[in-house]
Amino acid sequence: MPANRFNGYTDYEVGIGLRVPHYDHILSKKPIVDWFEIISENYMVDGGRPLKILDQILDQYRVVQHGVSMYFGSAQPLNRDHLKRIKELTKRTKTPWLSDHLCWGSVDGRYTHDLLPLPYTFEAVRTTAERIRMVQDFLEIPLAVENVSSYAAYNDSEMTEWEFLNEVVHAADCGILLDVNNIYVSSQNHDFDPMDYVNSIPAERVAQIHIAGHSKFEKYILDTHDHPVLDPVWKLYGRAIERSGPTATLLEWDDNIPSFDEVHAEALKAHRFLRAAETAMSVGAGLREEAHV
Amino acid sequence: MNLLELQRRMAEDVRRPLTEDYEMRSFADDGRPVADIAASYISPNSRLSSFERLEIYNRQYWFRLITAVSEDYPTLNALLGQKRFDALILAYLDEHPSTSWTLRDLGAKLPAFLAAHPEFAGRRHRLAVDVANLELAYVDAFDGKQLDPLTTEEAQAIGADSRLFLQPHLRLLELAYPVDNLVLAVKKEMPEVDIVSSAATHRDVTNRAKIPPVKRGKLFLAVHRYDDSVYYRRLEKETFLLLEGLRLGASVAAAASQAFAKSKLTPDAQALLLQQSFAHASQLGWLCPLPGTDVALPHLEMKVN
Ligand SMILES: [Fe+2]
């Protein structure tokens with residue numbers, strides 16, 4: 001760890017999301033950034049500026065693709081045209097792994113464009129895992145599924161969210177994009193201890209981690225990505241890194257986007273935890289070596 | 001409820017139009033209380049009822065979709081005012097729900113919908129339709145497909161019998177109002193936006209531009225992309241007709257004779273305009289070889305009639 005088969009055996013550190021308001025800054029100032037995460041759908045177009053910018057970024061930076069419309073959990077067959085277009089883009093970006101959400105969002109050819117939560121049932125495990133396997137086979141790239149934040153729970157659920165995530169990733173044999181902000185948001189909306197969630201994750205499957213800010217409303221918390229990361233989320237992040245080892249980490253900031261430097265500085269706060277995890281790992285490795293001798 | 005049944009149930013609930021105050025409706029179309037429907041598959045918690053939890057998704061669906069369409073139509077939004085614009089978008093999306101994984105094409109049928117529904121625009125209906133058509137043309141020109149245009153040699157070999165293909169991102173518009181400057185002015189103030197994965201919490205009001213009165217006046221316009229920026233180019237009527245003819249598959253001679261059939265220009269001026277039209281179109285990369293055909297047309301000579 002952190003290089004594993006779910007992130008293409010890479011050792012990426014802290015990245016940030018590539019967003020339109022930062023294009024000029026990035027291309028003119030060429031800041032040092034370990035990697036950028038792109039939302040695939042923003043570049044699945046036929047031509048023009050988005051692809052030109054992407055090519056300029058690819059000349060200088062490493063890029064990982066993150067999607068918002070795969071809907072692994074939708075009950076009906078996958079959209080072949082969509083998959084073909086994603087595959088085309090993966091050839092352009094050479095993304096070492098690809099992530100999308102553990103959710104559903106379309107039915108009968110109609111799209112909600114939302115990341116809707118799944119009922120935590122064995123039927124949903126089977127359906128979702130089968131679709132993830134099909135996508136993975138088609139794209140020939142390691143996949144990581146991201147836990148979403150949710151505001152509703154279903155009467156039909158037969159297990160906890162983390163049990164569901166475990167079942168799906170084992171059945172699909174895929175990686176996890178662990179979003180610790182989403183865990184926190186959901187823990188507040190569904191009254192569970194977010195540490196129980198983090199502690200139950202199969203650490204060896206974590207390909208990447210998301211951190212982000214959220215908004216608190218009177219009766220619930222929304223995943224708005226418009227704030228710095230809050231302390232309880234950093235705490236979960238620290239624990240996740242402690243379990244998985246230093247893992248590719250990405251700060252999501254999608255609304256009220258401040259300057260590039262501000263976003264980058266916020267993301268780089270993750271280094272504190274990554275270095276601590278590295279130290280812990282090397283101490284651990286040293287101890288093991290001694291024991292071996 | 002199996003997975004597919006649950007998804008069909010929830011999709012119907014999430015897509016149900018909101019009240020005028022952007023809240024979830026209390027009753028479904030068949031008269032059933034939505035609170036009962038919500039409770040049939042969503043569990044409450046100590047702070048939120050099943051209805052309130054479903055409402056978060058119902059509102060989020062509409063906020064996200066209205067925002068996505070309004071980002072493509074900022075001038076139309078300003079022209080109609082937010083209330084009328086939102087009513088238009090709600091009615092439009094109710095009739096044309098998204099059938100694609102991308103939000104990019106969500107507003108593609110809005111100009112046609114608006115043309116068929118004058119009640120959403122009142123007195124300025126034709127003006128609103130022109131604005132909508134121009135804003136859609138911008139979207140298409142911005143990231144539409146780009147083909148390799150004719151080379152200089154190929155362009156020089158264009159002859160009377162040549163058939164050409166127009167650059168896919170080029171849009172040709174015949175407008176009743178000269179709305180190009182208006183739309184450009186509003187567009188300049190608009191930030192470009194991304195698709196993101198965060199929650200949509202409210203209806204963003206990003207546009208408070210006031211639209212000045214616009215006088216009627218025919219305008220022929222080309223909307224195209226050059227060096228990754230979108231441009232509007234005013235065209236002579238004859239040039240517009242010529243390009244339209246080519247786009248519909250006519251030969252150069254047929255398109256030219258159609259374009260100049262009612263022209264009031266002198267024969268010399270017609271010849272000059274025809275020549276200039278081809279020169280500009282090929283300089284701007286608008287002329288492409290017909291897909292699947294040999295681009296070289298050495299047996300033909302350019303004839304100006
Ligand atoms: Fe995330």
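View 1. Helices (H or I, at least four residues) and strands (E, at least two) are DSSP runs, numbered from the N terminus. An unreviewed UniProt entry places the feature "domain: Putative DNA-binding" at residues 6-114 of chain B; UniProt positions follow the numbering used here, feature names are shortened, and annotations may be inferred rather than shown by experiment. Chain B has 12 helices and 6 strands. Of the 305 residues in chain B, 52% are buried (under 20% relative accessible area; exposed is over 50% and partly exposed in between, with a 1.4 Å probe and protein chains only).

This is a predicted model, in which local features need pLDDT of at least 70, side-chain atom pairs count only at pLDDT 80 or more, and totals for chains, interfaces and linings use all residues. Residues are numbered from 1 along each chain as its sequence is written, chains are lettered from A and ligands numbered from 1 in the order in which they are written, and side-chain values use heavy atoms, with hydrogens and water left out.

**View 2. The iron site.** Glu146(A) (OE), Asp179(A) (OD), His210(A) (ND1) and Glu252(A) (OE) coordinate the iron ion at 1.9 to 2.3 Å. Donors are N, O and S atoms within 2.8 Å of the metal (3.2 Å for Na, K and Ca); water is not among the atoms, so sites may look incomplete. Along the chain, the donors of the iron ion follow the spacing E-x32-D-x30-H-x41-E. Asp179(A) in strand β9 (residues 175-179) and His210(A) in strand β10 (residues 206-212) of chain A are 31 residues apart, a pair that links distant parts of the chain. Both Asp179(A) and His210(A) are buried.

**View 3. Helix α8 of chain A.** Helix α8 (residues 231-244) of chain A has 14 residues and spans 20 Å from its first C-alpha to its last, close to the 20 Å expected at 1.5 Å a residue (1.5 Å times one less than the number of residues). Among the buried residues of α8(A) are Trp234(A), Leu236(A), Tyr237(A) and Ile241(A). Gly245(A), with a positive phi near 85°, follows α8(A).

**View 4. Two loop residues with positive phi.** Asp108(A), although not a glycine, has a positive phi of about 50°. Asp108(A) lies in the loop between β5 (104-107) and β6 (110-116) of chain A. Asn256(A), also not a glycine, has a positive phi of about 45°, and its place is in the loop between β13 (249-252) and α9 (260-268) of chain A.
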